[in-house]
Amino acid sequence: MRRVCVFCGASSGRSPAYGASARELGAELAARGIGLVYGGGRVGLMGAVADATLGAGGEVVGVIPQELVERELAHGGLTDLRVVGSLHERKALMAELADGFVALPGGFGTLDELLAQLTWSQLGLHTKPVGLLDVGEYWRPLIELARHATEEGFVREADLASIAVATEASPLLDRLERMTREERPRPKWSRPPAP
């Protein structure tokens, strides 16, 4: 993996463990020579993971919509800051630049970005690994919902099993790197018969 896209909150959250995990992930990415792709912000967990990656000598590519730059939320010290016109463009460019995805705790924006990548993987639009850094069991309710959706026949078992989950950065990145090396078949989707 050359680069990992990290989805996370523009807030720090209530628990200090969230920020600590963001910093741990950033330092671990840099130590492995893996670049960070993220939403380009300077605040919250976004700023923490970027600063930790930069502080450890790593590459950081930020992708941020112009509107958020104008609100003075853009990080000023990144290796590369790409300014785009919309959140849709941001999501597409981050996905294009990354070889895998990690979600730290975050809110609706983080969920939107994470679920988009899980959906694109399920549809065979990419075969890049997706992981959850489950800090303080933050992602447990989502994992339980995904299991419920699988049991009810809405998510395939293979798609559920393809989500890497770990409580610390190093084992999560180990798993993502293994998944990157494994050959993951794309599903063959067929058109429904004409009426």
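Contact here means heavy atoms within 4.5 Å.

## Ala10 and the ground rules

Ala10 sits in the loop between S1 and H1; helices (H or I, at least four residues) and strands (E, at least two) are DSSP runs, numbered from the N terminus. Its relative accessible area of 44% makes Ala10 partly exposed, on a scale where buried means under 20% relative accessible area, exposed over 50%, and partly exposed in between (1.4 Å probe, protein chains only). Ala10 and Ala48 are 38 residues apart along the chain, and their C-alpha atoms are separated by 9.6 Å.

Please keep in mind that this is a predicted model, in which local features need pLDDT of at least 70 and side-chain atom pairs count only at pLDDT 80 or more, while totals for chains, interfaces and linings use all residues. Residues are numbered from 1 along each chain as its sequence is written, and side-chain values use heavy atoms, with hydrogens and water left out.

## H1 against H2

Two packed helices are described by the angle between their axes and the distance between the axes. For helix H1 (residues 16–31) and helix H2 (residues 44–55), the axes come within 7 Å and cross at roughly 35°. These axes are lines fitted to C-alpha atoms, for helices over the stretch in contact, and angles run from 0 to 180 degrees between N-to-C directions. The crossing of H1 past H2 is right-handed: a crossing is left-handed if the near helix is turned anticlockwise from the far one by less than a right angle, and right-handed if clockwise.

On the H1 side, the contact is made by Tyr18, Gly19, Ala22, Arg23, Leu25, Gly26, Ala27 and Ala30. H2 contributes Leu45, Ala48, Val49, Ala52 and Thr53. Sorted by class, the contact has nine nonpolar, three polar and one charged residues. In this sorting, Ala, Val, Leu, Ile, Met, Phe, Trp, Tyr, Cys and Pro count as nonpolar, Asp, Glu, Lys and Arg as charged, and the others, Gly among them, as polar.

Helix H5 (residues 108–122) has 15 residues and reaches 21 Å from its first C-alpha to its last, close to the 21 Å expected at 1.5 Å a residue. The expected span is 1.5 Å times one less than the number of residues in the helix.

The buried residues of H5 are Thr110, Glu113, Leu114, Ala116, Gln117 and Ser121. They cover an arc of only 155° around the axis, which puts them on the same side of H5; the arc is that of the directions from the helix axis to the C-beta atoms. Their cover includes S1, helix H4 (87–97), S5, S6 and H6. After H5 comes Gly124, with a positive phi near 80°.

Glu137 is exposed, with a relative accessible area of 56%. Most residues other than glycine have a negative phi, yet the phi of Glu137 is positive, near 60°.

The end C-alpha atoms of helix H6 (residues 140–151) are 16 Å apart, in agreement with the 16 Å that its 12 residues should span at 1.5 Å a residue. Ala146, Ala149 and Thr150 are the buried residues of H6. Seen down the axis, they fall within an arc of 100°, so they line one face of the helix. What covers them includes helix H7 (157–161). The face turned away from this buried side carries the exposed residues Pro141, Glu144, Leu145 and Glu151. Just after H6, Gly153 takes a positive phi of about 90°.

## H8 and its cover

Helix H8 (residues 169–181) has 13 residues and reaches 19 Å between its first and last C-alpha, close to the expected 18 Å. Ala169, Leu172, Leu173, Leu176 and Met179 are its buried residues. These fall within an arc of 120° seen down the axis of H8, so they line one face of the helix. Among the elements covering them are strand S1 (3–7), H1, strand S5 (101–103), strand S6 (130–133) and strand S7 (163–166).

Val69 is found in helix H3 (residues 66–70) and is partly exposed, with a relative accessible area of 26%. Leaving aside neighbours within four places in sequence, Val69 is in contact with Ile64, Ala74 and Val83.

Arg71 is in the loop between H3 and strand S4 (80–84), and at 51% relative accessibility Arg71 counts as exposed. Arg71 and Val49 are 22 residues apart in sequence and 20 Å apart in space, C-alpha to C-alpha.
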